[in-house]
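Colleague: I would like to learn how to read the sheet and the packing in a model. Please show me.

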Amino acid sequence: MIRTAFAAIALALALPLSPASAQDAIPAGATGIVRMEHISVISIGEGEPVVLIPGLSSPRAVWDGIAPELARTHRVLLVQVNGFAGDDPGANVKPGVLDGVIADLDKLIAREKLEKPAIIGHSMGGLVGMMLASRHPDRVGRLMVVDALPFIGTLFGAKDVAGIIARSEQMRDMMLAAKRMPTPVTTDPGGIWSNTPEGRIRIANWSAKTDARVSAQAMHEVMTTDIRPELAKIAARPFTVLYATGGGPQATAIWQREYAGSPATLVAVPDSYHFVMLDQPTRFAAEVEAFLAQ
């Protein structure tokens, strides 16, 4: 089994989620928080804009390892999906989470007059980045996708969306019916999303603060979205895809197959599971620096 790309799904199922009160951590130097229907955004630093989008059940804090350094030379916009990390779910309690996030990002870029910002997205955030870049090609200058496939159903043996709908609905229902876990998580829960106990504990606590209604719906939408036909429309350059190979050698074959014929440049990150920024922070920071320098 491939550990890397299964990580977001395993995270959602292995750690049943519970809503919590919003506790936004405002980074030093932040200009404030902008709340929209589907996302909230904090801006730090000045310079060329970089938009950072976290994955399923993840807060903006997933970028803590690179955001302060990036803010020395860039304006960094830290996105958080409403309902994740204890935020009020807002409009995300209804179907259309992914489309809503993309619409808000489009509005944000226009309102803030961001000139073709760089987009970096992890997992679900990477899928959102690809959807934004393919559907609004004039909005995105650079695109980095971190450990996300254009159609995750392929990992379940599905050839198309029709082949994954029933399983996705079953998993969504399991998440909604699952027993809630208390927080904070203080012992290693195990699992396959990070290769260190510290990383797994940290991710578990992020997950435990997420509204189950939002995470279940978002996961269902991720699993039933196939944007492989849209990849050729992505005009962002560079279009870089980082993928973790800690789950086994078959990861490379799958990533190359799923992005075949696309304009993406694939970069393998060894000794890492799904949360590359936690497992290989130095390598990840170097890849981001190289990406922004191109």
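The dialogue below takes up the sheet, the helices on it and the nonpolar cores.

Modeller: This is a predicted model, where local features need pLDDT of at least 70 and side-chain atom pairs count only at pLDDT 80 or more, while totals for chains, interfaces and linings use all residues. Residues are numbered from 1 along each chain as its sequence is written, and side-chain values use heavy atoms, with hydrogens and water left out.

Colleague: In what order do the strands of the open sheet stand?

Modeller: Strands (E, at least two residues) and helices (H or I, at least four) are DSSP runs, numbered from the N terminus. Two strands pair if DSSP finds at least two bridges between them. Here 8 strands form an open sheet with mixed pairing, in the order β1-β2-β4-β3-β5-β6-β7-β8. β1 (33-35) and β8 (265-269) each have a single partner strand, so one side of each lacks a neighbour in the sheet. β7 (residues 239-244) runs parallel to β8, joined by 5 bridges; Tyrosine 243 stands opposite alanine 268 in β8.

Colleague: Which strands does helix α10 lie across?

Modeller: Axes are lines fitted to C-alpha atoms, for helices over the stretch in contact (heavy atoms within 4.5 Å), and angles run from 0 to 180 degrees between N-to-C directions. Helix α10 (residues 281-293) lies across β3, β4, β5 (118-122), β6 (142-146), β7 and β8, at about 160° to β6.

Colleague: Which members of the largest nonpolar core touch the most others?

Modeller: Such a core is a set of buried Ala, Val, Leu, Ile, Met, Phe, Trp, Tyr and Cys residues joined through side-chain atoms within 4.5 Å; buried means under 20% relative accessible area (1.4 Å probe, protein chains only). Of its 55 residues, they are Leu105, Met130, Leu143, Phe239 and Tyr259. Another core, of 31 residues, lies apart from it and includes Val146 and Phe291.

Key. Buried means under 20% relative accessible area, exposed over 50%, partly exposed in between (1.4 Å probe, protein chains only).
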